[in-house]
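Thanks for coming. I will walk through one structure today, going from the overall layout to a few single residues.

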Amino acid sequence: MRMNKQIVVTDWIKEKPRLGSFLKLTLSSDERRILRGKRFTDCDQEIILQLPRKGKLNDGDILSTNKSNFYIVIVAKKENLVEISSNSKIELIKTAYHLGNRHVEVEIEEDFLLTKSDYVIENMLKNFNVDFVNTHKKFSPERGAHSHE
């Protein structure tokens with residue numbers, strides 16, 4: 001769906017509207033932190049993000065625009081990641097500590113950790129009692145303790 005007039009994305013909305021047109025905007029975890037600027041939707045429609053600076057975009061977020069009944073849906077892009085697991089919870093905790101000590105972004109799940117694929121990190125992981133495999137998934141890292149998101 002192409003629109004002639006510029007589409008400006010203005011805010012998050014809490015519930016999905018029953019009626020309206022929806023465009024998908026697929027973004028990486030890094031791109032979902034940037035709340036201002038020009039983007040292109042999955043169907044190559046140019047949009048301008050002018051969102052309040054109050055967080056980050058999450059998978060499934062619905063955004064309002066300057067067009068009546070016209071919305072943007074955020075889709076988290078699949079990224080190259082390392083999935084880290086262990087039979088020992090304490091080993092996962094130690095690994096999360098060391099990754100955080102290196103300011104590496106980590107998504108923490110019940111039985112595993114996810115981080116971006118990086119050969120330096122993968123070499124470091126060989127020093128811990130953990131298993132790790134490369135995977136291709138959506139990535140939603142934890143916010144930092146001093147984050148302004």
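**Layout, sheet and helix**

The protein's secondary structure comes to 2 helices and 10 strands, where helices (H or I, at least four residues) and strands (E, at least two) are DSSP runs, numbered from the N terminus. This is a predicted model, in which local features need pLDDT of at least 70 and side-chain atom pairs count only at pLDDT 80 or more, while totals for chains, interfaces and linings use all residues. Residues are numbered from 1 along each chain as its sequence is written, and side-chain values use heavy atoms, with hydrogens and water left out.

Starting at the N terminus, the order of elements is β-β-β-β-β-β-β-α-β-β-α-β. The C-alpha trace spans about 55 × 30 × 25 Å along its principal axes. Of the 149 residues in the protein, 40% are buried; buried means under 20% relative accessible area, exposed over 50%, and partly exposed in between, with a 1.4 Å probe and protein chains only.

An open sheet is formed by 6 strands in the order 2-6-5-1-4-3, with mixed pairing. Strand 2 (21-27) and strand 3 (36-40) are the edge strands, each pairing on one side only. From one strand to the next, the twist averages 35 degrees; axes here are lines fitted to C-alpha atoms, for helices over the stretch in contact, and angles run from 0 to 180 degrees between N-to-C directions. Two strands pair if DSSP finds at least two bridges between them. Strand 5 (residues 62-65) and strand 6 (residues 70-76) are antiparallel and share 3 bridges. Ile62 has Val73 of strand 6 opposite.

Next, the rings. How many aromatic pairs does a search of the whole structure find? The search finds 1, counting rings of Phe, Tyr and Trp (its six-membered ring) whose centres lie within 6.5 Å, with planes under 30 degrees apart called stacked, over 60 edge-to-face and the rest tilted. Phe22 and Tyr71 have ring centres 5.3 Å apart and planes at 25 degrees, so this pair is stacked. The pair links distant parts of the chain, since Phe22 sits in strand 2 and Tyr71 in strand 6, 49 residues apart. Phe22 counts as partly exposed because its relative accessibility is 30%. Tyr71, at 12%, counts as buried. Phe22 also has Lys16 over its face, 5.0 Å from the ring centre; the criterion is NZ of Lys or CZ of Arg within 6 Å of the ring centre and within 35 degrees of the ring normal.

On to helix 1. Its 13 residues (residues 89-101) should span 18 Å at 1.5 Å a residue, and the end C-alpha atoms are 18 Å apart, which agrees; the expected span is 1.5 Å times one less than the number of residues. Glu91, Leu92, Thr95 and Leu99 are buried in helix 1. Seen down the axis, the buried residues fall within an arc of 100 degrees, so they line one face of the helix; the arc is that of the directions from the helix axis to the C-beta atoms. Exposed residues Ile93 and Tyr97 are on the face turned away from that buried side.

Last, strand 9. Thr115 lies in strand 9 (residues 112-116) and is buried, with a relative accessible area of 0%. Thr115 is 16 residues from Leu99 in sequence, and their C-alpha atoms are 8.8 Å apart. Strand 7 (residues 78-85) runs antiparallel to strand 9, joined by 5 bridges. Strand 8 and strand 9 form a hairpin with 3 residues between them.
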